[in-house]
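My entries follow in the order I looked things up.

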Amino acid sequence: SSYPTIETSPGTFEDLLYVGSRNGRVYCIEMEGRGDGVANVRYGTTRRRWSYPNDWPAANRVLSDLGPIVGSVSYNKNAGGQQTIYVPTVQGRLYALDAVGNPATKTTTVNWSYPLTTDPTIGPIRTSPAVRFGRVYFGTGEGISGGNNTFYAVNETTHTPDWTFTG
């Protein structure tokens, strides 16, 4: 018998590159001119499509309170066609960002977060989220001796855990 695999896509979708950084920001970069021989495209031309939290233009820089992003961001396109980037934060919150964003303003929006920004955090998320079966899977904690080690399966529709495992 064969079992479905759990897939995660940290990195790219179509011609967009998603990067979580240690400065506490997520960047979406248009990779159109990356040099793969596409006709009428100037090689080496890439552009920032959006960043979160927004820091464009630099004169309006907003400090990020997410903490360094040490897990990879993950991409998912759900059954309804919504494209989402899942961002793990050491702040202790998982953010679901609009993957497309607004290239004119170089911004994107938070579709939802778990837990809600009005609720207490759940502990640092250092793992890369995996998305499958309508759930986002990720773990929290400081490792074996650090405590607060919990694995979550958060429902993409209700934005609440379908189940958790603490160990």
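**Entry 1: T84**

I started with T84, which is buried, with a relative accessible area of 4%. The model is a predicted one, and I read each value below as computed from it. I placed T84 in strand β6. Leaving out residues up to four places away in sequence, I found that T84 touches S74, Y75, N76, A96, L97, A99 and N111.

**Entry 2: the whole chain**

I then stepped back to the fold. I counted zero helices and 12 strands. Of the 167 residues, 42% count as buried. I also looked at contacts between residues at least 6 apart in sequence, and 43% of these join residues at least 24 apart. The chain exposes about 9,100 Å², and carbon and sulfur atoms supply 52% of that area.

**Entry 3: β7 and its partners**

Next I followed β7. Four of its five residues are buried, so I noted the strand as mostly covered. Which way do β6 and β7 pair, parallel or antiparallel? They pair in the antiparallel sense, over five bridges. Within this pairing, I found Y95 of β7 as the bridge partner of V87. The hairpin of β6 and β7 has five residues between the strands, and there G92 takes a positive phi near 100°.

I checked β7 against strand β8 (residues 110-114) as well, and the two pair in the antiparallel sense over four bridges. L97 stands opposite V110 in β8.

**Entry 4: the nonpolar cores**

I listed the largest nonpolar core, which has 15 residues. Which of its members touch the most others? They are Y18, V26, W50, I85, V87 and L97. The elements that give two or more residues to this core are β2 (16-20), β3 (26-33), β4 (45-52), β6 (83-88) and β7 (94-98). I also found a second, separate core of 12 residues, with L94, A96, I125 and V131 among them.

I went back to L97 for its contacts, setting aside neighbours within four places in sequence. L97 is in contact with V26, W50, Y52, Q83, T84, I85, V87, T108, T109, V110 and N111.

**Entry 5: rings**

I searched for aromatic pairs and the structure holds nine. For Y18 and W50, the ring centres are 6.1 Å apart and the planes are at 45°, so I recorded the pair as tilted. This pair links distant parts of the chain, with Y18 in strand β2 and W50 in strand β4, 32 residues apart. Are Y18 and W50 buried or exposed? Both Y18 and W50 are buried. Y18, W50 and Y75 form one aromatic cluster; Y75 had already come up as a contact of T84.

I looked for a charge over a ring too. The charged end of R132 sits over the ring of F133, 5.4 Å from the ring centre.

**Entry 6: V154**

V154 is buried, with a relative accessible area of 0%. Not counting residues up to four places away in sequence, V154 touches W112, Y114, G134, R135, V136, F138, H159, T160 and P161. I also took the C-alpha distance from V154 to V131: the two are 9.5 Å apart in space and 23 residues apart in sequence.

Definitions and conventions. Residues numbered from 1 in each chain as written. Predicted model: local features only at pLDDT ≥ 70, side-chain atom pairs only at ≥ 80, totals over all residues. Heavy atoms only, no water. Core = buried A, V, L, I, M, F, W, Y, C linked by side-chain atoms within 4.5 Å. Buried < 20%, exposed > 50% of the residue type's maximum accessible area, 1.4 Å probe, protein only. Contact = heavy atoms within 4.5 Å. Phe/Tyr/Trp six-rings, centres within 6.5 Å; stacked < 30°, edge-to-face > 60°. Lys NZ or Arg CZ within 6 Å of the ring centre and 35° of its normal. Pairing = 2+ DSSP bridges. Areas by Shrake-Rupley, 256 points an atom, 1.4 Å probe, with all protein chains shown as cover.
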